[in-house]
Amino acid sequence: MTLLDFARGPAMFWATTIMVIGIVWRLAGAVLLARHKDRSTPRGDNRVVAGLRAVAMRSVPPHELEKHITFQHITGYAWHLGWFATFLFFGPHIPFIKSILGFGWPGLPNQPIVILAAITLAILVALLVRRMVHPVLKVISDFDDYVSTLLACAPLVTGIVAFAHLFPSRHETMIALHILSVEALMVWLPFGKIFHCITGLPLRFQIGAAYARRGVKA
Amino acid sequence: MSTTISATEERAALEGIAREVARLADSAPKVDLPDAERVRRAKRVFIQKTDASVALDLESCLHCGMCAEACHFYEGTGQGRYAPIHKLKLLRKVYRRELGPFRFVQKLLTRDLTVAELEQWQELVFDSCTECGRCDMICPVGVHLSRGVHITRQALAAAGLAPAELRALDAQQQGTGTVLGADVDKLRGALEELRGQGIEAPLDKPQARYLLLTTASDLLIYRRSLAATARIMNHLDLDWTFSSKGFEAANSGAVSGDEAAQRRATQRIVDAALACGAKFVIVPECGHAYPALRWEGPNEIGGTFPFEVLAMSELIGRELESGRLRLQSLGPTKRVTFHDPCKFGRKGGVIDEPRRALAALGVELRETESKGTTNYCCGGGGGVFFIGRAAPLRSAAFNIKRRQFDATGADSVVTSCGSCRMNFAVGAQQNNWNTPVESLVELVADNLAAPETGRGAVA
């Protein structure tokens, strides 16, 4: 079995298995805890609407808050969009996605996607450096923050190296490393802060509904 | 309408209270507990308070640090340790080790909670957090940060590690039902003073539809607010009373994190309301008292209240909306800005009603850039006003607020919280700031529109 066979076969199987079981385990471990009953009389009766509003509007904070976080906001959303656009619209990825989902879609030309991937990687590196020097981020960062960022960078690095044929004699190995880097990210997902991709939107709903109980738009 | 207490007397009274606050720590009861017991008690609170909703918060943080950018203490000092999410570190640690889905691994990889950590966190969750909730508004995933801070306060209080000043207030309220010496004799004296001015001020009516609360700051300093509140109640011809059994709105336990103290203070009010058959309990201009009774009270007591809790500004807003209350217009030459007390506004939901009152007064309202749900705290809420060593932090926060006020070009600041007024008064003195800070109820009471329909509101 070559490294590429391993990456496409058993590694993919186990990464997926660990990711799914890990997500279910972590989510269940949190949401199955008891829930304290709030006996106060709610002011508003539109908590579902308020929750859904928070899901949407948290992405667009009021100006007086936004002006303090513009850099984080723009770079944060930019690298997420760049990462997913690279994953979903890079031509060679689409047959792989189709093999899982049973359907695919047209990809974008390679050059723009590779440029996008490089920009995304540059943003991630900038954010990593910022994390090491910013007065707040220095204090609050832990192992998870650095591992998660590096694991988000890894598929971009390996993908760009593979695409650019920097090691022509080892192209197959580079493809294998690219797939393994994605699998490493999948394995880490249930254990690190990347888990917010599962809990983020429900949590936005939760705080929107909680504040709506008091008649406050959050 | 004139009242006997002047602005000069108010300033003198405030200085007297400031001196008493400075001595508070000396009177705090000592808490002698072995370290292991302190840790055990703190952990028990962390575990009890962590339900599914809190767990979801603790599982979702990105460590992006945006919450710090909404915090006046971080903005005012630039110190990273004041980031709100950092203040939740002990809660998250206990959750992960004791309750979380990977607790078996976490117990192997991390060290248990220590007294040193609890002591270190005292400054972070008490001195440098007013639980104003502004950080709750910015978190991109919606972590309810102020709730996590409050749980940590409760854990520290259980471990006997609340700041001495707040423990002293708890002890005072346990003994007398009130704080800073604003006891029932002070209430009786203040009500006699009102009656001397021709203001009807009932005490201990056997039956009343409205139970009016007051607070130490009104009894000891802002007697004009007390008078104004009574005048508005009379003008509206409401059936109301004070109760000598439960008149103090302030709830020291709600800020110190001492749940037993919070429950006792709430129970006094509930008992007083039940005794006179009140359908409404009116919270005066005392910020933290409102969420403590309106939102947390039923959970402390363990059941829904058979009465409605209203902030005074909320009552004014409702009565204006219904048309039962009308005000004389002061005209747009009076330019004011409004300070939303966090506990009435963002944490209480009383945001539109004070503005309705200002609109009825016809003044030109010049809003600060951050207002309503994103308003900056005065800097002294959540008990921070009483913590002596927090003075530099309060000043840093006050200066943010001052800049916001000054940018409006307003001639005065109106607010609906006596604690905010006290904090502004101290901040103004320390920073040579001369913009007047006015009480909303006083403005309303001084401009009640004829024809008079109530009972002797104007002497």
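In these legends a residue is called buried if its relative accessible area is under 20%, and the structure shown is a predicted model.

**View 1. The tilted aromatic pair F398(B) and F424(B) in chain B.** A pair of aromatic rings is described by the distance of the centres and the angle of the planes. Over all chains, a search of the whole structure finds 16 aromatic pairs. In one of them, F398(B) and F424(B) are 6.3 Å apart from centre to centre, with 55 degrees between the planes, and the pair is tilted. This pair links distant parts of the chain, since F398(B) belongs to helix α20 (residues 391-408) of chain B and F424(B) to helix α21 (residues 418-431) of chain B, 26 residues apart. F398(B) has a relative accessible area of 1% and is therefore buried, and F424(B), at 0% relative accessibility, counts as buried too. A single aromatic cluster is formed by F398(B), F405(B), F424(B) and W433(B).

**View 2. Arginines over tyrosine rings in chain B.** R134(B) lies over the face of Y376(B), at a distance of 3.7 Å from the ring centre. In another place, the ring of Y222(B) has the charged end of R421(B) sitting over it, 3.8 Å from the centre of that ring.

**View 3. The packing of helices α6(A) and α8(A) in chain A.** Helix α6 (residues 110-133) of chain A packs against helix α8 (residues 143-163) of chain A at an angle of about 150 degrees, and their axes are 10 Å apart. Because angles over 145 degrees count as roughly antiparallel, this is the description that applies to α6(A) and α8(A).

**View 4. The packing of helices α8(A) and α9(A) in chain A.** The axis of α8(A) also comes within 9 Å of the axis of helix α9 (residues 171-188) of chain A, and the two cross at roughly 155 degrees. The helices α8(A) and α9(A) are therefore roughly antiparallel to each other, and α8(A) passes α9(A) in a crossing that is left-handed. The contact is made by residues including F143(A), V147(A), L151(A) and P155(A) of α8(A), together with residues of α9(A) that include M174(A), H178(A), L185(A) and W188(A).

Terms used: Residues are numbered from 1 along each chain as its sequence is written. Chains are lettered from A and ligands numbered from 1 in the order in which they are written. This is a predicted model: local features need pLDDT of at least 70, side-chain atom pairs count only at pLDDT 80 or more; totals for chains, interfaces and linings use all residues. Side-chain values use heavy atoms; hydrogens and water are left out. Rings of Phe, Tyr and Trp (its six-membered ring) pair if their centres lie within 6.5 Å; planes under 30 degrees apart count as stacked, over 60 as edge-to-face and the rest as tilted. Helices (H or I, at least four residues) and strands (E, at least two) are DSSP runs, numbered from the N terminus. Buried means under 20% relative accessible area, exposed over 50%, partly exposed in between (1.4 Å probe, protein chains only). A charge sits over a ring if NZ of Lys or CZ of Arg is within 6 Å of the ring centre and within 35 degrees of the ring normal. Axes are lines fitted to C-alpha atoms, for helices over the stretch in contact, and angles run from 0 to 180 degrees between N-to-C directions. Angles under 35 degrees count as roughly parallel, over 145 as roughly antiparallel, 65 to 115 as roughly perpendicular and the rest as oblique. A crossing is left-handed if the near helix is turned anticlockwise from the far one by less than a right angle, and right-handed if clockwise. Contact means heavy atoms within 4.5 Å.
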